[in-house]
Amino acid sequence: MPVIRSTTTRRRALGLALAGLSAASLSFAQATAPPYVGVNAGAPISGTSILFTDAVAADIAASGCRFVRINFIGAASGWDTARLALYDQIIANAVNNDLQVLAVFSNETVWGFSQAQWNENYNTTGLNAYTTAYAQTAYLLINRYKDDVKLFELWNEPSCWAVDPVTNPLNPGCSYIWPRIFANLLVETYKECIDQGSASFFSANELSLVSGGLFAHDIGGSGPASGTAYAHDVYTQTDIWNAFATNPLNPSGRTYPWDYFGYHFYLNQGSAVSISELNAFFNQNAGGHDNDGIHREQLNHGDTAPILVTEFGWTTQGVGPQLKADNLADTYDWLRTQPAVAGAMWYQYNCCDPNGDWGLTNGIGNYQPAWFEFAAQTGIASPPVANFSASPTAGATPLAVSFAATGSGIATAWDWDFGDGNTSGLENPQHTYLAAGTYDVALTVTGPGGA
């Protein structure tokens with residue numbers, strides 16, 4: 001009779017230094033990379049005072065985090081010597097603590113323009129004085145910090161509005177910018193960098209652009225907004241993309257100027273995170289851009305850029321400290337199973353009130369439970385642990401044996417060796433032994449690592 005013996009092995013994901021990042025290097029699914037887990041640092045500056053101090057940077061780094069999102073906030077005096085000196089120190093604080101920076105150039109980056117001026121010519125050329133000023137400012141900052149900062153996000157939540165833009169097109173509130181303006185803002189920034197730098201400006205300096213994170217949410221009770229309708233309107237600015245693809249200032253001939261697709265989501269703000277809703281927001285194929293998942297909308301328009309989630313989070317006051325921590329862990333665990341997602345940044349690290357609100361720490365310096373979950377997510381990903389059961393383990397031939405993987409951690413692949421020359425990639429396979437003997441069965445599980 002055949003007798004079954006077990007051997008379990010495991011593979012682990014090794015760490016990757018987050019230097020010299022490229023589009024190919026950011027992936028939850030890479031066996032050589034930890035989860036690209038990051039955090040919004042909070043306001044880096046207040047007036048002329050630096051809030052993102054060396055001590056704050058060191059505290060973030062102590063969690064194991066190596067990736068921070070920093071907002072570049074301009075001033076009425078523009079990006080003069082004094083303003084640049086403040087950000088020189090902010091970036092130095094990050095670099096000195098081994099923190100990679102995602103620089104975000106939001107509506108706060110270029111001062112002196114109203115929302116109506118951002119959106120001027122929204123329904124004609126989509127070009128205006130603001131898109132020119134934004135592109136020039138973005139190049140100034142990218143060029144200045146290109147040795148220390150490799151990722152630059154252009155705008156923040158372009159789809160966010162307080163009043164329906166259809167009824168108030170020039171002043172809808174929040175950070176709304178019309179899709180035609182947004183497309184031109186991205187293109188003009190790319191072209192300005194090539195024009196003022198060189199044809200190899202991005203590649204030679206290993207720089208990547210992130211499209212401003214779309215605002216997706218299920219807040220307000222009026223139905224979820226996945227951001228796909230706005231994305232669809234950006235993608236369908238075909239005259240802009242066609243002109244960009246053939247422009248001499250686009251030597252690569254690429255269609256879209258971004259290397260990563262920025263995305264924000266705020267879901268289930270008063271409850272446990274819904275994995276099914278997450279899946280719908282990312283992957284649902286509803287046959288129409290209003291309801292498709294954002295990755296589906298990308299693919300519909302030939303955009304294969306990895307998704308970089310530059311904001312997601314829950315408030316302590318909304319869900320309590322422990323559920324906030326659980327939501328953080330469950331969301332990261334799910335994101336790791338999505339090959340289209342390069343990484344995600346929690347919003348945010350610290351917060352001003354005693355409850356901590358959005359923060360991982362609170363206003364009096366105490367770590368919340370979410371901090372410990374975040375810290376567990378940031379370092380070298382723990383491998384899944386292999387184990388399995390088999391039934392029956394002995395009997396007369398032919399012997400049909402049912403195997404079940406029973407290990408721990410997040411596994412995405414199972415490699416069974418039944419000891420008789422046969423294998424399987426199923427999680428819970430069945431195998432029939434035809435000859436008598438003693439067989440050593442081995443299971444190797446692989447995965448991106450869990451909490």
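Reply: Helix 7 gives the largest share of the lining of the largest pocket, four residues (helices are DSSP runs of H or I, at least four residues, and strands runs of E, at least two, numbered from the N terminus). The model is predicted, so local features need pLDDT of at least 70 and side-chain atom pairs pLDDT 80 or more, while totals for chains, interfaces and linings use all residues. Residues are numbered from 1 along each chain, and side-chain values use heavy atoms, without hydrogens or water.

The lining counts 24 residues. Ser 159, Trp 161, Ala 225, Ala 229 and Tyr 230 lie nearest the centre. Strand 8 (208-217) and helix 7 (228-235) are the elements that give two or more residues. By class, 13 lining residues are nonpolar, eight polar and three charged (nonpolar: Ala, Val, Leu, Ile, Met, Phe, Trp, Tyr, Cys, Pro; charged: Asp, Glu, Lys, Arg; polar: the others, Gly among them). The space in the pocket is about 540 Å³ (a pocket is an open set of points on a 1 Å grid where a 1.4 Å probe fits, with protein on both sides within 12 Å along at least five of seven lines; lining residues have an atom within 4 Å of a point; volume is the space filled by probe spheres on the points).

Now the helix packing. Helix 4 (residues 129-145) and helix 5 (residues 179-196) pack at about 45°, axes 8 Å apart (axes are fitted to C-alpha atoms over the stretch in contact; angles run from 0 to 180 degrees between N-to-C directions). Among the residues in contact are Tyr 134 in helix 4 and Leu 185 in helix 5 (contact: heavy atoms within 4.5 Å). That contact holds nine nonpolar, four polar and two charged residues.
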